[in-house]
Amino acid sequence: MATPSESILPDALPCAVNGRSIETLWLLRLLVRTGATRILEDTHAIGTRNQLLNRLGLAGFPARPNKELTDSLRILLSTTLNQMEARVGRYVLPRVLASNLSLLARHFPLSATEQEVLAFALLLKTNPLLASIAHASDQGMYTQEAMEAVLRRRATAVRNALAKAGRLQRAGLMRIEYGWPLPKMMQIVHHGLLMLVRTRVTKLEKLLNGVFCEAPAATLQTTDYTHFQPQLDVAIGLIRDAVQHHRIGVNLLIYGPPGTGKTELSRTLAKAAGVACANVSSSGEGGEPLDNATRLANTAIAQRMLERRRTLLVFDEVDALFNDGSSFIGKPSTAETSKSWVNALLEETPVPTVWIANRIHGMDPAFLRRFDLVAKLSSPSLDGRLKLLKRTADGLLTENQALRIARCGTLTPAAVTRAANVARHVASVDIPAAIVMETVLNGVLRARCEPTVARSNTHHSGNCYDPTLCNADHDLLALADGLAHTGIGRICLSGPPGTGKTAFGHWLSERLNRPLLLKRVSDIQSPLLGVMEQQLADTFEESSRSGSILQIDEIDGFLRDRREARYGWEVTQVNEFLTQLEAFDGIFIGTTNLAHALDAAALRRFDLHVRICAMRLDQVMEMLKRWLADVQIAMPDNQTLKKALDELDGITPGDLAQLQRRHRIAPVSSIADAVTILRQTLREKGQTTRKIGFV
């Protein structure tokens, strides 16, 4: 009498053996070779088991079989697999999938094993039954062993196909996440690839829609980036050469503060080089943001899709890719987790690529050295800012108003453009465009802790600085003429507050018609290790590149005597400053109120140390006379004025400037009032004077 298993189960499964589906073969290999037959006994997987039995033509098999039937089913599956293995050559991929993989392989040189791995990964995403069986496979098996069991390919070929530096990952088609079940481990990066399974594709662009997009046309010319020379010419030459001679591995890294025009620069570079420009997509087809790994994979895919075209590829906002790790907690960045792949991508790019970042301080040096050009784009020079304002705010500002805004050295093209757009919509008779633009710009500047427009013009009001009214131990006019002649000089200005040290830099800038890069020590110092040194180097580099006069106020914050240093970083910052100063080939001005506290070696690095003291009596009288004439206050004769001021020792240009500002809110009516205010100012500074009368 036949047993229940004999009466229900056939000797083999003819629908599988006689079919041509490689999916069924892979399904049985998963079941038999990787231990997935456990699903036959799992009471929580009844639905999956029933789908499997229906797929194999065993729809009449009991929903809850006993152990004898289950064991018989295992034997049947093993027997069927053996019969299929004996005629393995007849089993092929679905026709549509096979055709599409052939199209893909023409752009991405994939081996037969790599194509099968990709096909298996695609079927895992589109065949729920295959995915469920794969999830139930023996998780004690290594991933490579499981894939060897499914594909029956050589171990070396499978290992290479699954490697992080393998072609599938380097091409951006797949991402292998080790340590997970097969369905989660084998990730398809671009969801458009899932079309390969069901839809015949004739053009790769349709399949991989959304990997990159055509960049908008450039709106600027190379003449708008004169402050980016000579890097601009080098970049254009690199792109032209790469396209004309089909050079691989040409990559440019452009970084700088947000809003400086890096993205627009990439389009200008493409236009100047005579090539098209494409951007790596930052969002999916539905508008959802893409994660860093997907964007990196899209870059690799775009390289293959564009390699036969005259195109520049732009990968924007790469900070998130290279700087999203943390050395403090030992978390690697996205790029570092696939370091060999990223290195290979940089070395083998068939399309010249511009990588754009705001910051690169966290980037691994191994990545940096693989870029042909690493260049920082800073804010435009004064002339560049004036040209920008003329173009974006044409008809909104007078010449003087544009100059006032342009004097703000930290303004970026993006901020100026947005402010001009706001002014065009908001400005009216009651709210002039200049006020609107300053309001918008000041909001951005304050948020970035940078000087406002008004503060940037502090030393330009009326251009009233007169070096002959500074009590210096060196002729400042002769000094300016000497610097104009040589174009090089390292000057230290020391003296009490208010003696005109900072104002000298502004005056010299206008006299020599060169921009002034003014920094305070607090603009450069940082509590983070290595950041101060980098920012100091960036400051000197920016000055050299833009041809600016570099002025750093209160340099005693950098150059304190190293013999009195309490911490190692204090010595390091002096050394770094001196190194940068010695190599600097422009005009440098350092100001200090505490010359006696400077490191002796630091003072020797300056070409000239100019000491500026409080004004002489004749200088005070001259400056006061000019102001009294401007505000139309009765002026006494020289003898009377000299007697009134004779014992007011220690007056500086800053004290008289304070008197002028006070007059605007609390008018001074006579010279006697002015003398009283000056006496009070000296008292507040800790200087005493004898009470004198005014006749």
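Which residue's side chain meets that of E438 in a salt bridge? In this predicted model, in which local features need pLDDT of at least 70 and side-chain atom pairs count only at pLDDT 80 or more, totals for chains, interfaces and linings use all residues. Residues are numbered from 1 along each chain as its sequence is written, and side-chain values use heavy atoms, with hydrogens and water left out.

The partner of E438 is R404, with an N to O distance of 2.5 Å, where a salt bridge is defined as a side-chain nitrogen of Lys or Arg within 4 Å of a carboxyl oxygen of Asp or Glu. This pair links distant parts of the chain, 34 residues apart, since E438 lies in helix α25 (residues 433-447) and R404 in helix α23 (residues 399-406); helices are DSSP runs of H or I, at least four residues long, numbered from the N terminus. E438 is buried at a relative accessible area of 14%, whereas R404 is partly exposed at 29% (buried, under 20%; exposed, over 50%; partly exposed, in between; 1.4 Å probe, protein chains only).

Across the whole structure, the search finds 25 salt bridges. One of these is formed by the side chains of E85 and R33, at 3.6 Å from N to O, and this pair joins helix α5 (residues 67-86), which holds E85, to helix α3 (residues 22-33), which holds R33, across a separation of 52 residues. E85 counts as buried at 18% relative accessibility, while R33 is partly exposed at 33%. Both residues belong to a network of salt bridges that also links R29 and R152.

A further salt bridge connects D618 with R616, their closest N and O atoms being 3.1 Å apart. Here D618 is partly exposed at 43% relative accessibility, and R616 is partly exposed at 39%.

Technical notes
Helix = DSSP H or I, 4+ residues; strand = E, 2+ residues; numbered from the N terminus.
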